[in-house]
Amino acid sequence: MEGGGAQYNPRTVEEVFRDFKGRRAGMIKALTTGVEEFYQQCDPEKENLCLYGFPSEQWEVNLPAEEVPPELPEPALGINFARDGMQEKDWLSLVAVHSDAWLLSVAFYFGARFGFDKADRKRLFNMINDLPTIFEVVTGGVAKKQTKEKSLVSNHSSNKSKSNSKVRESQAKHSKASQPKDEEQGLDEEDEDEHGETLCGACGENYASDEFWICCDACEKWFHGKCVKITPARAEHIKQYKCPSCSNKRARP
């Protein structure tokens with residue numbers, strides 16, 4: 001690979017974190033200030049492409065490494081195929097999520113390779129966790145999350161019953177495993193327990209009973225309505241929902 005990232009092996013927590021920040025900065029450039037060039041390079045007519053970030057804060061769209069196993073964990077493969085099957089904003093958000101996952105895998109690969117103990121791994125994670133994710137940067141998720149938390153605090157009492165009802169109604173419509181609509185407190189708690197570890201297929205965040213969710217009938221993954229641009233009102237008119245990824249598979253050769 002080109003771009004100043006090859007043959008560099010950070011060995012301390014501080015060095016791995018510096019490596020993480022450099023790669024992260026490069027990928028953020030690709031998805032923000034360099035987004036026009038990044039979009040053009042991700043031609044769906046080309047072979048499987050990946051987005052790489054380098055410690056030098058540079059980025060590159062390229063084919064995956066040929067050696068098996070590769071020197072480092074590989075980023076998400078084939079990001080170019082989904083480009084024209086989704087709205088640009090949604091596609092960039094999806095790439096951002098996979099980029100966050102790749103950065104973590106590279107950082108903890110170095111940690112495992114050079115024998116980080118429990119304390120080192122925890123310190124590395126805490127340093128990484130203090131930074132906004134690429135997804136948050138690309139989507140403005142930091143500001144949205146703060147606004148959302150304030151809104152939830154002020155409207156929690158008045159909206160909880162109505163919001164929970166909408167969530168359960170949509171789940172019953174779009175998933176065989178969903179719970180039936182019920183206003184009793186006991187069933188609300190069971191619903192929370194059942195879906196509490198469910199992760200959104202777009203942003204990777206956990207299930208919350210006060211948010212609207214929808215399930216893809218093809219891959220059976222759950223999504224925040226906001227992440228896939230589906231409102232409760234729109235969901236009422238959808239007989240069979242397919243997420244952006246599954247919808248795009250039909251267009252692939």
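Helices here are DSSP runs of H or I with at least four residues, numbered from the N terminus. The model is a predicted one.

Helix α1 covers residues 13–31. Its 19 residues reach 27 Å from the first C-alpha to the last, close to the 27 Å expected at 1.5 Å a residue. Most of α1 is covered, with 14 of the 19 residues buried.

Helix α1 also takes part in the lining of the second largest pocket, where α1, α3 (88–113), α4 (118–129) and α5 (134–139) each supply at least two residues. The volume of this pocket is about 470 Å³. It is lined by 19 residues, and Asp100, Leu104, Asn129, Thr133 and Cys203 are the closest to its centre. Helix α3 gives the most to the lining, with four residues. By residue type, the lining of the second largest pocket divides into eleven nonpolar, three polar and five charged. Domain 1 (13–144) and domain 2 (198–252) each contribute at least three residues to this lining.

In soluble globular proteins, nonpolar side chains tend to be buried together. The largest nonpolar core here has 55 residues, and Phe38 and Leu51 are those with the most contacts inside it. Helix α3 gives the most to this core, with nine residues. Why does the core lie between domain 1 and domain 2? Both domain 1 (13–144) and domain 2 (198–252) give residues to this core, so it lies between them.

Terms used. Residues are numbered from 1 along each chain as its sequence is written. This is a predicted model: local features need pLDDT of at least 70, side-chain atom pairs count only at pLDDT 80 or more; totals for chains, interfaces and linings use all residues. Side-chain values use heavy atoms; hydrogens and water are left out. The expected span of a helix is 1.5 Å times one less than its number of residues. Buried means under 20% relative accessible area, exposed over 50%, partly exposed in between (1.4 Å probe, protein chains only). On a 1 Å grid over the protein atoms alone, a cavity is a set of points where a 1.4 Å probe fits but cannot get out, and a pocket is an open set with protein on both sides within 12 Å along at least five of seven lines; lining residues have an atom within 4 Å of a point. Grid points are joined across faces, edges and corners, and a volume is the space filled by probe spheres set on the points. Ala, Val, Leu, Ile, Met, Phe, Trp, Tyr, Cys and Pro count as nonpolar, Asp, Glu, Lys and Arg as charged, and the others, Gly among them, as polar. Domain bounds come from an automatic or database domain assignment. A nonpolar core is a set of buried Ala, Val, Leu, Ile, Met, Phe, Trp, Tyr and Cys residues joined through side-chain atoms within 4.5 Å.
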